[in-house]
Amino acid sequence: MNRNDVNPELRDDVALDVAIGVLELCSVARGIEVADAVLKEAHVEMLFATPVQPGKYVMLFTGPVQDVKASSARGAQLAGGDLVDQLVIPQIHEQVIGGLRRRGGRINGEVDAIGIVETTTVASTISAADIALKAATVDLLDMRIANGLGGKSFFTLVGEVSDVRSSVAAGARMAQERGLLTREVVIPRPHPELVRHL
């Protein structure tokens, strides 16, 4: 049985370079055309390019900073009004890639705090997670993008209460400023039964 709540699968045969770029479109057909243009514009490697729910098309690519910027700019130009969101991150936090692969952390024992940031786009969740992880000492527990969520995305962090508050605030601020934040939540000392379901 196919599950519809899995993240797009990242290629294992492509090494992550210095920078990543994401383009998110509301049209599958235009998305495929844009993915071709992104690859032709500069020396980048596509980690995934695929339809996601609800009928969007998302691509994640990596390469040297200038190449990722050039490919992203070309893709955004071609996408025009079909562009939903985009990002370029020169130095992605290593836990973000693990989160995209759904290889987040594991909870062993009690948790001091849980933080959740939920956004309306894939790109804004990836960007918010990167900012949150760089803001304080926290661990990424999970990241879900688009599929099984009606196109929304979210990530979950764990750590000390003050660190989780700082991280969630930093990540949510970016999404809020762009009008893409759905909700941010910090739960200090979560109930052990809740922790079992994360």
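Predicted model: local features only at pLDDT ≥ 70, side-chain atom pairs only at ≥ 80, totals over all residues.
The crossing of α1 and α2 is right-handed.

A second pairing involves helix α4, residues 122–135, and helix α5, residues 161–177, whose axes come within 7 Å and cross at roughly 145°. The crossing of α4 and α5 is likewise right-handed. On the α4 side the contact is made by Ser124, Ser127, Ala128, Ile131, Ala132 and Ala135, and on the α5 side by Ser166, Ser167, Ala170, Gly171 and Met174. By class, the contact of α4 with α5 contains six nonpolar and five polar residues, with no charged residues.

These helices belong to a chain with six helices and eight strands, which follow one another along the sequence in the pattern β-α-β-β-α-β-α-β-α-β-β-α-β-α. The C-alpha trace of the chain spans about 50 × 35 × 35 Å along its principal axes. Of the 198 residues, 49% count as buried. Among contacts in the chain with a separation of 6 or more, 77% are accounted for by residues 24 or more positions apart.

Several individual positions illustrate the surroundings of particular residues. His43 lies in the loop between α1 and β2, the latter covering residues 45–52, and at 57% relative accessibility His43 counts as exposed, because the cut-off for that class is over 50%. When residues up to four places away in sequence are not counted, His43 touches Gly63, Pro64 and Asp67. His43 and Met174, by comparison, are 131 residues apart in sequence and 29 Å apart in space, C-alpha to C-alpha.

Gln95 is found in helix α3, residues 94–100, and with a relative accessibility of 22% Gln95 counts as partly exposed. The contacts of Gln95, leaving out residues up to four places away in sequence, are with Leu133, Val138, Asp139 and Leu140. Of these, Leu133 is 38 residues from Gln95 in sequence, and the two are 7.8 Å apart in space, C-alpha to C-alpha.

A cis peptide bond, with omega of about -5°, joins Gln53 and Pro54, and Pro54 is placed in the loop between β2 and β3, the latter covering residues 56–63. Ala146, although not a glycine, has a positive phi of about 65°; Ala146 is located in the loop between β6 (139–145) and β7 (153–159) and is buried, with a relative accessible area of 0%. Arg189 also has a positive phi, of about 45°, although it is not a glycine, and lies in the loop between β8 (181–188) and α6 (192–195). Whereas Ala146 is buried, Arg189 is exposed, with a relative accessible area of 60%.

Methods:
Residues numbered from 1 in each chain as written. Heavy atoms only, no water. Left-handed = near helix turned anticlockwise from the far one by under 90°. Helix = DSSP H or I, 4+ residues; strand = E, 2+ residues; numbered from the N terminus. Buried < 20%, exposed > 50% of the residue type's maximum accessible area, 1.4 Å probe, protein only. Contact = heavy atoms within 4.5 Å. Axes fitted to C-alpha atoms, helices over the stretch in contact; angles between N-to-C directions. Nonpolar A, V, L, I, M, F, W, Y, C, P; charged D, E, K, R; others polar.
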